[in-house]
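Subject: Structure handover

Hello,

Here is the structure we talked about handing over. Please open it first, then read my notes below.

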Amino acid sequence: MSSRIPRQSARESGRNHPDIEAGLSAELASVVSGARRRAQRDGDRQIDTAHLLHSLLESDAEVRAVFDGGAQVARLLGYLVQRSIGYGLRWQSTVEDFGAGPVVVDAGWSPVAAGAMEEAYARAVLRGDERARGLDLLAALVADRRSRAAEVLGRAGVDLPPLLERIESGCEERVSRGEGGW
């Protein structure tokens with residue numbers, strides 16, 4: 001059975017960049033696969049930032065560790081589960097783009113999610129890594145306050161600036177220990 005959400009390069013969606021999924025660690029590739037399945041199940045035509053956040057929280061222990069404990073993660077997952085049955089219904093059949101320019105509806109990625117993936121890869125390159133990891137993507141999602149992921153984080157009571165600081169300080173600590181970032 002063919003996926004309704006195709007794997008697609010950023011070039012095909014109008015961007016002049018390599019394949020969005022090319023520079024991912026194995027763990028982050030699994031997160032993207034989970035987000036793609038979740039978007040299909042939800043009846044969405046594109047992977048958006050909330051799909052990515054949901055998949056990150058479910059599968060990446062390093063991502064869960066930067067939040068203020070298990071209760072906050074549980075609250076976040078609760079909001080994300082409600083996506084297909086509650087407030088998320090208003091997102092169905094809409095594109096997460098924020099005026100990002102021409103939108104290709106069947107591109108497989110919302111323009112904001114594609115931008116977050118590109119930002120995650122750029123973060124990895126800046127720290128000298130060839131593969132983006134879960135915390136790279138989380139940092140990109142948190143940094144764009146207009147995204148659906150940021151909306152979910154805000155509704156769950158997550159204070160975004162301190163979260164971004166915890167992500168950044170975790171990276172600095174690992175680099176100083178010689179672990180090459182996240």
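A word on terms before the count: helices (H or I, at least four residues) and strands (E, at least two) are DSSP runs, numbered from the N terminus. Please also keep in mind that this is a predicted model.

**Overall picture**

The protein has eight helices and zero strands. Along the sequence, the pattern reads α-α-α-α-α-α-α-α. There are 182 residues in the protein, and 48% of them are buried. The accessible surface comes to about 8700 Å². Carbon and sulfur atoms hold 51% of that surface. I also looked at contacts between residues at least 6 apart in sequence. Of these, 64% join residues at least 24 apart.

**Helix α2 against α4**

Start with α2, residues 49–59, and α4, residues 69–81. They pack at an angle of about 140°, and their axes are 10 Å apart. Angles over 145 degrees would count as roughly antiparallel. The angle here makes α2 oblique to α4. Their crossing is left-handed. On the α2 side, the contact is made by Ala 50, Leu 53, His 54, Leu 57 and Glu 58. On the α4 side, Val 73, Leu 76, Leu 77, Leu 80 and Val 81 take part. By class, the residues of this contact are eight nonpolar, one polar and one charged.

**Helix α2 against α6**

Helix α2 also packs on α6. The angle is about 140°, with the axes 11 Å apart. The two helices are therefore oblique to each other. This crossing is left-handed. From α2 come Thr 49, Leu 52, Leu 53 and Leu 56. From α6 come Gly 134, Leu 137, Leu 138 and Leu 141. The classes here are six nonpolar, two polar and no charged residues.

**How enclosed is α6?**

Which residues of α6 are buried? They are Gly 134, Leu 135, Asp 136, Leu 137, Leu 138, Ala 139, Ala 140, Leu 141 and Val 142. Helix α6 covers residues 134–143, and nine of its ten residues are buried, so this helix is largely enclosed by the rest of the structure.

Helix α5 spans residues 111–126 and includes Met 117. Is Met 117 buried or exposed? Met 117 is buried, because its relative accessible area is 1%, and buried means under 20%. Leave out residues up to four places away in sequence, and Met 117 touches Ile 20, Leu 24, Val 32, Leu 52, Trp 109 and Leu 137. Met 117 and Thr 49 are 68 residues apart in sequence. In space they are 9.4 Å apart, C-alpha to C-alpha.

Neighbours within four places in sequence aside, Ala 120 is in contact with Ala 132, Asp 136, Leu 137 and Ala 140. Leu 137 therefore turns up in the contact lists of Met 117 and Ala 120, where contact means heavy atoms within 4.5 Å. Ala 120 and Arg 133 are 13 residues apart in sequence and 7.5 Å apart in space, C-alpha to C-alpha.

**Helix α4 against α7**

Last, look at α4 and α7, where α7 is residues 148–155. The angle is about 125°, and the axes are 9 Å apart. That makes α4 oblique to α7. The crossing is right-handed. Leu 76, Tyr 79 and Leu 80 in α4 meet Val 152, Leu 153 and Arg 155 in α7. This contact has five nonpolar, no polar and one charged residues.

Gly 154 is also found in α7. Gly 154 and Leu 76 lie 78 residues apart in sequence. C-alpha to C-alpha, they are 9.4 Å apart in space.

Best wishes

Technical notes:
Residues numbered from 1 in each chain as written. Predicted model: local features only at pLDDT ≥ 70, side-chain atom pairs only at ≥ 80, totals over all residues. Heavy atoms only, no water. Axes fitted to C-alpha atoms, helices over the stretch in contact; angles between N-to-C directions. Parallel < 35°, antiparallel > 145°, perpendicular 65-115°, else oblique. Left-handed = near helix turned anticlockwise from the far one by under 90°. Nonpolar A, V, L, I, M, F, W, Y, C, P; charged D, E, K, R; others polar. Buried < 20%, exposed > 50% of the residue type's maximum accessible area, 1.4 Å probe, protein only. Areas by Shrake-Rupley, 256 points an atom, 1.4 Å probe, with all protein chains shown as cover.
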